[in-house]
Structures are given as C-alpha cells and as structure tokens.
Amino acid sequence: MTSGVEREIRVEQEYVDGLYGLLDGLRKEAVQRLEGARRVGDREAVEVWRAEVGRLGGVEQGLCFGRLDLRDGSRVYVGRLGLFREDGGEPLLVDWRAPVARAFYTATAADPQGVARRRRITTRGREVVALDDELLGDAGQEGLVGGAALLAAVTAERTGRMRDVVTTLQAEQDRIVRSDASGVLVVQGGPGTGKTAVALHRVAYLLYTRPHLRTRGVLVVGPSRVFLDYIGQVLPGLGEHSVVTATTADLVPGVEVSRIDPPEVVAAKGAAVMADRLAAAVRDRVRIPEHPVEVEFEEQVLELDPRTCARAVRKARRTGLPHNAARLVFQREIADVLAHHLVERMEALVLGDTGEALDGGSPDGRLSEADLRALAAAGVVVEDDDEPRTLLDETDRAALRDSLIADPGIQAALDALWPPLTPDQVVSDLVERVDGWSAADVPLLDEAAALIGHTADLPTYGHVVVDEAQELSEMAWRMLMRRCPTRSMTVVGDLAQTGNPAGTSSWDRVLRPHVRDRWELAELTVNYRTPAEIMTAAATLLATPPPRSVREAGETPWRIGTTRADLPGVVADLAEAHTEGRLAVIAPSTRIEPLAAALSLTTPPDLTDQVVLLTPDQAKGLEFDSVLIADPAGILDATPLGHHDLYVAMTRATHRLGVVHPGPPPAALSALRLRSG
Ligand SMILES: Nc1ncnc2c1ncn2[C@@H]1O[C@H](COP(=O)(O)OP(=O)(O)OP(=O)(O)O)[C@@H](O)[C@H]1O
C-alpha cells in the first residue's frame, strides 16, 4: 500500500520536476528579454517583460496542485498558470482559470462532469509531499470538495498574511469566481465564508478571461492599509501583479486623514443628501450683482449690468460643464457683451449714421490715444494713416474679447461673480474643518472635485472590487462609481457586520441609484474560519442565523470578569501566557492606549507580530488563531452599531476566543463559560 503511494508520488515528482524545468526556462528567457529591452531602451517591452518576470516569479509555491483523470482516458494537470510543450503542443499544465480546470473545483460524485479521479498534489517547495485522491465514479457523496486538503487549510496556523485558496476553492465559491456577470456582482456572506478570497480569485479570473482589463486597470478597495497588507500576497501568488489596492481615503490624492469624526457626524457626512448640499454650495458661490458693476479697460469705463450677468450665468449653466469649466463660458459671454459695447462706442466715435467718418475723439477725426491703446491691447492693428479704420471684423472682436478676459481688472471683477474654486473651499463651506480632514470628508472632497471639474489626475478602472462593502457610505459609493465608468464591479460584504454609522443595511439601496437593476446577488453560506462553538457564542448578537461553520474546534469560548482598573493587567497576563499561534486583543478605541502600554505594543499594528492590539474597526476582514476581547460592553456602547462590532471582533478567531469583562458581562455573553483567573 505504502509502496503504491510512494510510487505514485515518485511519478508525480517526475512530472512536477518537468514543469519546474519549463518554468525555469521561461524565467530565464523573460529575464534575458527584459535585459535586452532595457539595453535598447524599449520602454514598452521593458514593461511587458517586467510583468512577465513578476508573473513567473509569483507562482513558485504550489505551481501544480491537481490532476484530473477524465473518463475518456485523458489527464489534465491543474496549476497556477498554463505551461506548454516547447513545440507549443498539448498543455502540460492547465491554468486553474481555464474552462477545462473548472471540474477540479465543481465535479462531485453526483455530478462528475466527466472526471473519474480528482487528485490533489501537495508540494513543499518543489517536492511532492502528499497526494489525496477522490474517485468520482460512485454517485452518492455530496458536499465539500477535497475534504482533507480543505480541513488542513482551514485549521493551519495563521501567519498574519492571507493565503490564496486556489487549491481548495469550493464549488459555491468557484461559481462566483467564474461568474459572467457584467454589471455589479454582490457577494453577501457571513464571517469567514471566503468573500475576500473569492473576490481576489475573481480578479485573477477576470484578468485571465478579459485581457482588456489589464490596460483598463483593476482596483481593489479595502477598509484599511493594514487589511490591504494582509491580502497583499494573494494576487501575486496567483501570478497577478498589476492590480491597484486602496482604501477609500486613498482615492483622493493629496488628502491626509488626520482626525476621527463622532458617529453622528460620520452618518451625516455619508448621506447622499450631502451631494445636493455640495452642489448647492458650488452654485451659491456664483453671484449675480444687484446693481450695475463698473469695470475699467484701458481707461474706458464699461458697465456690467445684472441682466447681462444673469444671462451669462444661465448660458454657462446650460452647458452642464463643471463649475470651473463653465466659468470660462461665463467669462466669454460677459467679455462678448463688453467687447460689443466697446466696439459700438469706438465705431460711434468715427462713423455717422450713414457710415461716414465723423470727427471723433480727436480734432482730426482720428481715434483717441485711449481708443488706440484699447484696440492695440486687443491685437487690432490700426494703420497709422489718415484713413481711420471704420469696421472691426470678427477676428478683431475675438481678439478684443480675449484681451478683456486677460485684463487683470476685468478678471478680478468676473472672479467676484464666478470665482474659480478648489474642492477644499467647497467642502469647508459645509463642514467644520477643525484640524485636518476625516475619512468621511474624503468622498465629499471627491464630490466637490467632480462638481468643479478637478478630476484630471483621478484614474478610472475597468473593474473595481470593494471589500467590506457594507461599510461604505452613500457618498463613498458615489466616489467609487466615478472611478468605474463601466460599472463593472465585484462587491463583497456582510450586512450583519456593518459598523460604520453611514454604512448600509441594504445592497439595493446603495446600488440602485447608480446601476438600477444591473446588479445581482450571490451568497456564500459556509464559514471556513470560525469554529462552530465560537459562532454559536457570537450568534447571540444577531437577529438572523449566522453561516454554518465547516468545523468544530473543540475549544469552548470563555470569559473572565475583572474591574476597570485591573483590565489592562489581566489582559497583559493572558497575552503573556498565550503560546499558541497569533493572538489579537480587540478592544474599544477608548481602551487602546492603556492596553498598548500594559502590553508594550505599538499601534498601528504589524499583523506578523505574535500579539496585536486592534479596535473592532481595524480587525475587519482579518483573522487570528486566538482572539481576546477586552471590555465587550465598551465595544457595544461605543457606537449605535456596537453589537455588529462585537460580532465582528468575536468572529476573527480560527481556534480560540476569550472575553475579559470589567464589571458584569453584557447579557449576550453571559452564557459563556466562566474561566477562573
Ligand atoms: N475554499 C477555501 N479553502 C481554504 N480556505 C478557505 C476557503 N475559503 C475560505 N477560506 C479561508 O477562510 C478564511 C476566511 O476567508 P475570508 O477572509 O475570505 O472570509 P470573509 O468572508 O471575507 O470573512 P469576513 O467577512 O469575516 O471578513 C480565510 O483564512 C480563507 O483563507
């Protein structure tokens, strides 16, 4: 028996060696081509080959992880990228995203899809260390695909960095990854159901199947920089390096977020009505004078009357252009009228009703010095002969208008009516800017930028992924939609985890205004992270049942009571005694400082540390072997959605959960096992 397995491992090792040999050959060639392109200064080729070197470099671990033996006798090896014989013939390794590889994730005994055997190949480095076969000949067994490999993956100790799940992607996840939805695909699922994993694998899939996205760009939006670092290795491991990651606060360049708003202010700033208020603030900056305004141009006094201004404002607004661009239309309109007055006045000076030359400003019938200067300023050349020029043609009038606009005095008068604006000015009209901006101000600044036309350096993307999407305010959605003109998006989140007072409780409500019916919902139902015991404890915080856990961990969550004063000391002792894997201490923001001191920890956290200290907000999307909640009542009371925050905190654990509560425990946690000191 053993020798049979060993023999099989040897056979696979030989095959896998061949694949790595091919990979090495491709890498060598890519490096040479990159160097060649650099030598000749071909920047385009440098980009292409640099990307290729990155792609080939990223797939070293687990290059080949599966084999399908099909009923027709053929065999398909599945891996992180496609590899072909040097003569370009049959594929030796099929990219997991290719249609033929799909059965690796979705074939079951009940629906074998032509597969007789599915083999999982586990490698360490380049060495094949284990094989795991499933025979799909006999109907009857349903459920999770690749049970042993999956269990090994979900119980493995965490490293502080998310791994890809390409070898154990489950059928319900695969369906979402390969969905051909072209509008907005919403993936709703409870904690640990693999939403983040699925979203990232879908990005890799879309880049493979829709190559134009490589040029149009893909943006992944996550809740924090810490989270983006946490997921940062997943796409490179799938051979994809070209994706941009950002928090919503990063989406407006040059804005430094330096303060935190109270919950009610966050809610108010996030509401869609702010868009109307910003638009009104921009409109209100335009002023129509009540009385005629006198302006001077080359010693001539001209008058700007309210009706002319009102007409120019109407005309500029009718263009639908953003404020700063419409301002130029306004200026042209006014300058046209002023130029017209000026021309009339000059011509009246030199022409009579019959069109004959009259004695004008100077005794000899010539234009006065000031007139000549006005015309010269406009670029109109008046010949210095005895015959005064009688008519100004269109070109002259245009030149006169340009000179009027360029004149500092006129410019100042026009700016007083229709001022050029910056986003900061507009937002400062509406919100109190005490010392710097808050995260909730960023979508307002972006909205203002759109209203005034300050959007030149803001990139757009062909596809946008939004993680923890339940946290986005209506204003943040408006900002994201501006980054994605095609509205091709993958939106993943859990309405039961919404902690942001401006976040959502309905996908339809936030999406419909932008895409109407062009969004569809997919759901994930199995929790791969949090063991059943912990989910049962956390479920007391919810009105609806949580997702089914894929496993029990055998460790019952516990609680310890303490006093307010002793909390940091008790938590520090527990953290010190902790030896198994990574531990997250999750506490309300008011407790972070004393806890950081007691635990000698720094903030912001480094997730690869053995112990980290986080607020529930910072813990969103992350996971740890063990979680210690310090002051659950403090979390519950901190915001109107405190019960969601506590639920998020409790569901970060892959193995162990403890709760330290000063005073009596919150009712929802009172049934937890009481642990002695
Ligand atoms: N098919 C799978 N095979 C192995 N591990 C998986 C699979 N799906 C999910 N996981 C693991 O489960 C954990 C949770 O996944 P993920 O973070 O994507 O969940 P989530 O739905 O985004 O959770 P949350 O809403 O709590 O942020 C991760 O460690 C992930 O690697």
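Hi everyone, let's start with the sheet: six strands form an open sheet in the order 9-8-14-15-7-16, with parallel pairing. Strands here are DSSP runs of E with at least two residues, helices are runs of H or I with at least four residues, and both are numbered from the N terminus. Two strands count as paired if DSSP finds at least two bridges between them. At the edges sit strand 9 (244-246) and strand 16 (519-524), each pairing on one side only. From one strand to the next, the twist averages 15 degrees.

Before going on, please keep in mind that this is a predicted model: local features need pLDDT of at least 70, side-chain atom pairs count only at pLDDT 80 or more, and totals for chains, interfaces and linings use all residues. Residues are numbered from 1 along each chain as its sequence is written.

Strand 8 (residues 218-221) pairs with strand 9 in the parallel sense over three bridges, and V221 has A246 in strand 9 as its bridge partner.

Now, what lies across the sheet? Helix 6 lies across strand 7, strand 8, strand 14 (463-466), strand 15 (489-493) and strand 16, and runs at about 170 degrees to strand 15. Helix 20 (residues 507-515) lies across strand 7 and strand 16, at about 175 degrees to strand 7. For those angles, axes are lines fitted to C-alpha atoms, for helices over the stretch in contact, and values run from 0 to 180 degrees between N-to-C directions. Contact means C-beta atoms, placed from the backbone, within 7 Å.

Next, the annotation. An unreviewed UniProt entry places a "binding site" at G189, G190, P191, G192, T193, G194, K195 and T196; such annotations may be inferred rather than shown by experiment. G190 is in the loop between strand 7 (184-189) and helix 6 (195-209), while K195 is in helix 6.

Are these two buried or exposed? G190 is buried because 29 other C-beta atoms lie within 10 Å. K195 is buried too, with 26 C-beta neighbours inside 10 Å. The cut-offs are 20 or more other C-beta atoms within 10 Å for buried, 12 or fewer for exposed, and partly exposed in between.

And which residues do they touch, leaving aside neighbours within four places in sequence? G190 is in contact with D494, A496, N527, P546 and P547. For K195, the contacts are V187, G189, V492, G493 and L524.

Key: Contact = placed C-beta atoms within 7 Å.
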